[in-house]
Amino acid sequence: MSDKPVTLAAVTGAHGVTGEVRLKLLGEGYEALKPHKSFNEGSLTLTKLRSDNKGGAIARFAEVADRTAAEQLRGTALAVSRENLPALDEGEFYFSDLLDLAVVTDTGEEVGRVCAVENFGATDIVEIEKPDGKKFMAPLTAQAVPRWDASQLVINPDFIG
């Protein structure tokens with residue numbers, strides 16, 4: 001779909017005093033990070049990774065020498081090039097594929113742009129920002145979103161908030 005990097009995790013803060021960081025995982029768990037040794041176009045080199053046994057991970061990067069440097073990474077997204085990820089099966093996508101897509105109805109009426117994609121457990125949800133700045137959410141189901149491609153997401157008008 002795109003050549004945009006795909007974010008797999010984000011640094012939430014320092015862990016200990018030796019430069020390790022806590023990670024919020026955005027993909028398939030910490031095992032999905034293991035094949036990647038370099039993040040953010042080579043600016044961070046992974047040297048150690050382990051599960052925190054709470055759904056996140058603890059990582060060490062070669063470029064981070066102490067707790068102060070680790071704290072400075074708080075909020076940093078860890079992204080890899082799409083070409084370094086496994087091929088997607090039919091119907092699969094990365095949330096980043098949907099971000100900033102134009103949203104239209106099946107008649108072509110402009111609705112807004114996708115500003116976020118979430119999953120709170122039941123199904124994926126797209127958050128859409130209208131031109132007036134108001135936002136609404138719609139489930140990413142065939143009934144609410146009958147189709148989408150690299151240029152736009154089509155939404156059923158019954159789901160426009």
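Me: Domain bounds come from an automatic or database domain assignment. What are the bounds of domain 1 and domain 2 here?

Reply: In this predicted model, domain 1 covers 6-84 and domain 2 covers 95-156. Their centres, taken over C-alpha atoms, are 29 Å apart. For the whole chain, the C-alpha trace spans about 55 × 30 × 25 Å along its principal axes.

Me: What does UniProt list for residues 8-83?

Reply: An unreviewed UniProt entry lists them as "domain: RimM N-terminal". In the model that span is 8% helix and 43% strand, and its end C-alpha atoms sit 14 Å apart.

Me: How many helices and strands does the chain have, and in what pattern?

Reply: You get 2 helices and 12 strands. Reading along the sequence gives β-β-β-β-β-α-β-α-β-β-β-β-β-β.

Me: Why are strand E3 and strand E6 called edges?

Reply: Take the open sheet of 6 strands in the order E3-E4-E5-E2-E1-E6, with antiparallel pairing. Strand E3 (38-39) and strand E6 (77-80) each have a single partner strand, so one side of each lacks a neighbour in the sheet.

Me: How do you know that strand E2 and strand E5 are paired?

Reply: Pairing takes at least two bridges. Strand E2 (residues 20-25) and strand E5 (residues 57-61) run antiparallel and are joined by 3 bridges, so they count as paired.

Me: What makes E11 and strand E12 a pair?

Reply: They have 2 bridges, in the antiparallel sense; the rule asks for at least two, so the pair qualifies. Trp-148 stands opposite Leu-153 in E12. These strands belong to an open sheet of 6 with the order E10-E9-E8-E7-E12-E11 and mixed pairing. Its edge strands, E10 (135-139) and E11 (147-148), each pair on one side only.

Me: Why is Glu-127 said to have no salt bridge?

Reply: The nearest side chain of opposite charge, Lys-135, is 4.5 Å away. A salt bridge needs a side-chain nitrogen of Lys or Arg within 4 Å of a carboxyl oxygen, so Glu-127 has none.

Me: What share of the chain's 161 residues counts as buried?

Reply: 36% of them, where buried means under 20% relative accessible area.

How values were computed. Residues numbered from 1 in each chain as written. Predicted model: local features only at pLDDT ≥ 70, side-chain atom pairs only at ≥ 80, totals over all residues. Heavy atoms only, no water. UniProt positions renumbered as here; feature names shortened; annotations may be inferred. Helix = DSSP H or I, 4+ residues; strand = E, 2+ residues; numbered from the N terminus. Buried < 20%, exposed > 50% of the residue type's maximum accessible area, 1.4 Å probe, protein only. Lys, Arg positive; Asp, Glu negative; His and termini not counted.
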